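Subject: Structure for your files

Hello,

Here is the structure I said I would pass on. My notes on it follow below.

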Amino acid sequence: TGWAFVEVAVDPASGARLVAWLQSAGFVRIGRHRSKQVELFGLGEARIVINLEEDSAARAHFELHGPSACALALSTTDTAGALARAEALHCPRVAGRLGLHELAIPAVRTPDGSLLYFCEAPARGRHPFEADFVMDEAALGAAAVGQGARFDHLVQVVPGGQVEPWVLFHRAVLGLQPERN
């Protein structure tokens, strides 16, 4: 049904630069993760997760690629079906470390090793994954000022020789069709 969030792996220095840029673009820090060094920024419907967690898939991704998107999350009305399709197509399932009362959000590895999460679609204006965050209600109200702000597309750059695996992944796992402009 759309994008739930984009997760970015950073270290403290690149995280500070990214936060400054996000704030200059109108994003507001709307939450802090309950048990991890992770912050949630929002503007309208758009959500960006900044991950500084040391012992995590994000840190491993950062060590290989530097500051970069380490995970994408799609909203769906059928998380079990999306996960079953991905697993049937041999995408490895990934289970992260969970704290007390945190959601087990289904995820699979993509061709470059990053993660693709399948999240429940928003209900009553809130993303269910936000339950893992201590939300700042005042900041959430400020982020809502960006009514209509959302991700309508993402661009993915892939290394030479990696276009085919990604096209196959997007077609088979997500049911997307490539278009030339």
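Strand β5 is mostly covered, with seven of its nine residues buried. Please keep in mind throughout that this is a predicted model. On one side β5 is joined to β1 by seven bridges, and these two strands run antiparallel. Within that pairing, valine 6 stands opposite leucine 72 in β5. β5 is also joined to β8, here by six bridges and in the parallel sense. Alanine 73 has tyrosine 117 in β8 as its bridge partner.

β4 is mostly covered too: six of its six residues are buried. Ala46, Ile48 and Ile50 point one way from the strand, Arg47, Val49 and Asn51 point the other way, and all are buried.

Two strands pair with β4. β1, residues 2-9, runs parallel to β4, residues 46-51, over four bridges. Here valine 6 stands opposite isoleucine 48, and alanine 9 stands opposite asparagine 51. β3, residues 38-43, is joined to β4 by six bridges and runs antiparallel to β4. In this pairing valine 38 stands opposite asparagine 51. The hairpin of β3 and β4 has two residues between the strands, and glycine 44 in that hairpin takes a positive phi near 60°.

**The whole sheet and the chain**

These pairings belong to an open sheet of nine strands with mixed pairing, in the order β6-β7-β8-β5-β1-β4-β3-β2-β9. Its edge strands are β6 (93-94) and β9 (133-135), each of which pairs on one side only.

The protein chain has five helices and nine strands in total. Read from the N terminus, its elements follow the pattern β-α-β-β-β-α-β-α-β-β-β-β-α-α.

For overall dimensions, the C-alpha trace spans about 45 × 40 × 35 Å along its principal axes. The radius of gyration is 16 Å, which agrees with the value near 16 Å that a compact globule of 181 residues would have. Buried residues account for 41% of the 181 residues. The accessible surface comes to about 10,300 Å², and carbon and sulfur atoms hold 56% of that surface. Of the contacts between residues at least 6 apart in sequence, 66% join residues at least 24 apart.

Helix α2 (residues 57-65) lies across β1, β4, β5 (68-76) and β8 (115-120), and runs at about 135° to β5. Helix α3 (residues 79-88) also packs on the sheet, where it touches β5, β6, β7 (107-109) and β8. The direction of α3 makes about 155° with that of β8.

Which residues of α3 are buried? They are Thr79, Ala82, Leu83 and Ala86. These residues cover an arc of only 95° around the axis, so they sit on the same side of α3. Exposed residues Ala80 and Ala88 are carried on the face of α3 turned away from the buried side.

**A residue to look at**

α3 is followed by histidine 90, which lies in the loop between α3 and β6. Histidine 90 has a positive phi of about 65° although it is not a glycine. Most residues other than glycine have a negative phi. Is histidine 90 buried or exposed? Its relative accessibility is 71%, and the cut-off for exposed is over 50%, so histidine 90 counts as exposed.

Regards

Methods. Residues are numbered from 1 along each chain as its sequence is written. This is a predicted model: local features need pLDDT of at least 70, side-chain atom pairs count only at pLDDT 80 or more; totals for chains, interfaces and linings use all residues. Side-chain values use heavy atoms; hydrogens and water are left out. Two strands pair if DSSP finds at least two bridges between them. Contact means heavy atoms within 4.5 Å. Axes are lines fitted to C-alpha atoms, for helices over the stretch in contact, and angles run from 0 to 180 degrees between N-to-C directions. The radius of gyration is taken over C-alpha atoms; the globule rule is 2.2 Å times the number of residues to the power 0.38. Buried means under 20% relative accessible area, exposed over 50%, partly exposed in between (1.4 Å probe, protein chains only). Accessible areas come from the Shrake-Rupley method with a 1.4 Å probe; for residues, only the protein chains shown count as cover. The arc is that of the directions from the helix axis to the C-beta atoms.
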